[in-house]
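Open the model in a viewer and keep the selection tool at hand.

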Amino acid sequence: MSKLGIDPVKVHRARLAAERIANDIQLHIDRRTTTAVERATLRLMGIDGATEVGIPLPNVVVDQVLQDGRLGMGIAFWLANAVIYYQVSPQEAAEQVALGKIELTRVPIQDEGALREEIQKLAQYGLDKICAKKQERDEYIKKLGQGAEPLLYVIVATGNIFEDVKQAQSAVRQGADVVAVIRTTGQSLLDYVPYGATTEGFGGTYATQENFRIMRKGLDEVGEEVGKYIRLTNYCSGLCMPEIAAMGAMERLDFMLNDSMYGVIFRDINMQRTFVDQYFSRMINGFAGIIINTGEDNYLTTADAFAAAHTVTASQFINEQLALKCGLTEEQVALGHAFEINPELENSFVYELAQAALARELFPKSPLKYMPPTKYMTGNIFKGHVQNCLFNMASIMSGQSIHLLGMLTEAIHTPHIADRYLALENAKLVFNAMRGFAEEITFKTDGIIQKRANKVLNDAVIFLEEVADMGLMEAISKGMFADIARSPKGGKGLDGVIFKEPDYYNPFVDAMLGRR
């Protein structure tokens, strides 16, 4: 029974339109691979490390085949061929390529059956490692349990991974359930993943496999101390989206920011590249049992939250359908939204609650991720604390799942540990005091909340059907999302998109999607 009086026929129309949009994008994806997808494939086959000048070995190997014009066969083919011919490990082959001693496309082609068998054998390294990490997570949760929803989600962003661990452990002792390590500014635009532990970063910390390992260890330690499993989050976006997914899966991350359009709209990464990369990265996350977080909340930083609310809902439908095509379940798709209406607007809280309740009804199985007010935060920390309290109330009243804490100093500086403590205390107080409130309330028939929710859904259906008719890439080029226009041929990374040759093969697609 809908509290909002939502018409199920309109919800069905929205999903049908979103499915049409996703099907069209899938045709684009199926014909292409990217340098990042092929580098992720190498990482899942055990290739790691960097040259003396810091170039990651996966980049060295992929770039060599790319320059020879044969990456359309898939890097797995060329690597397996060299491994058989030279009788070396994948890591040794990569190191020999870096030294200029092996030119992969000039190695004599081996027997087709032997090649296919070797490719499967090489892929087993990553598959086994990911499965082992999934089992570890299950065992930790069974042993320690986890926090009650809405999960309290905090961020650390010192730039130094070792300082991040200290801050993360402090936040957990104060009550946090989820810790996100913010990436250093601009990393999404790097077409490589730095190697090793890092201690410098502006506005955040580099996402590297070693940094993932260090933070995972730190959270496991403090989780044992406080008696609950702590979820680790990072950012699976940008030009290295598939590689970040591979590294996160092998180091037992739990959540990944993994939107289908965020990089296109907000980082000007080429959309032809991004749609292929998001497919492979989400496939890895799905197989690894990782929950992805989408980024609809970002739309409201550039578009008006009241007027553009329907574009958020429409994007949630699109993100859901694209995610399902990657093998993710609905329970793994943490669709995003945010508390961003101008607080000076009369009934702003009522409208915010309507939007939050609408998301909950439309996506009942999704562990929704709710984002705090940022756009209208000011230097008045007392007013900001009240705004965050209202946000906390909206979250518990609408049954949200993942709750990113708002900071009273959002508009002033990177939060101090004390600021985070106040945010946690605020949320814990509200959630405890209102724990059963969502089950107790109903909404007035044809009242403000019902009318607002239905208007947003109606507008979203019209919007989705319009996008389905023209195609998602064309819609983005017209600036229909977040009031930002991007060209299909513009942005960064188009030169990393490659058409697949007829014999292209990637073993992870079949294995991770269950088609093997």
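Where is the place of Gln 332? Select this residue in the predicted model: Gln 332 sits in the loop between α13 and β7, the latter being residues 333–334. Its relative accessibility is 10%, so Gln 332 counts as buried, the cut-off being under 20%. Show its surroundings next. Setting aside residues within four places in sequence, Gln 332 is in contact with Asn 285, Gly 286, Gly 289, Ile 290, Ile 291, Ile 292 and Gly 327.

Now select helix α13, residues 309–324. The helix has 16 residues and spans 23 Å from its first C-alpha to its last, close to the 22 Å expected at 1.5 Å a residue. Of these 16 residues, 15 are buried, so α13 is largely enclosed by the rest of the structure.

Within α13, pick Gln 321. Gln 321 is buried, with a relative accessible area of 12%. Which residues is Gln 321 in contact with, leaving aside its neighbours within four places in sequence? They are Arg 15, Ala 18, Glu 19 and Ala 22. For a distance check, draw a line from Gln 321 to Ala 50: the C-alpha atoms are 37 Å apart, and the two residues are 271 residues apart in sequence.

The next stop is the largest nonpolar core, which has 172 residues. Phe 275, Ile 284, Leu 472 and Phe 481 have the most contacts inside this core. Helix α18, residues 448–470, gives the most to the core, with ten residues. In soluble globular proteins, nonpolar side chains tend to be buried together.

Centre the view on Phe 481. Not counting residues up to four places away in sequence, Phe 481 touches several residues, among them Met 261, Tyr 299, Ile 318, Phe 463 and Leu 472. Phe 481 also belongs to an aromatic cluster with Tyr 262, Phe 266, Tyr 299 and Phe 463.

Then look at the rings. The whole structure holds twelve aromatic pairs. In one of them, the ring centres of Tyr 370 and Phe 391 are 4.9 Å apart and the planes are at 50°, so the pair is tilted. Tyr 370 lies in strand β9 (residues 369–371) and Phe 391 in helix α15 (residues 381–398), so the pair ties together parts that are 21 residues apart in sequence. Both Tyr 370 and Phe 391 are buried.

Finish with two charges over rings. Arg 116 lies over the face of Tyr 505, 3.9 Å from the ring centre. Lys 134 lies over the face of Phe 287, at 5.0 Å from the ring centre.

Terms used
Residues numbered from 1 in each chain as written. Predicted model: local features only at pLDDT ≥ 70, side-chain atom pairs only at ≥ 80, totals over all residues. Heavy atoms only, no water. Helix = DSSP H or I, 4+ residues; strand = E, 2+ residues; numbered from the N terminus. Buried < 20%, exposed > 50% of the residue type's maximum accessible area, 1.4 Å probe, protein only. Contact = heavy atoms within 4.5 Å. Core = buried A, V, L, I, M, F, W, Y, C linked by side-chain atoms within 4.5 Å. Expected span 1.5 Å × (residues − 1). Phe/Tyr/Trp six-rings, centres within 6.5 Å; stacked < 30°, edge-to-face > 60°. Lys NZ or Arg CZ within 6 Å of the ring centre and 35° of its normal.
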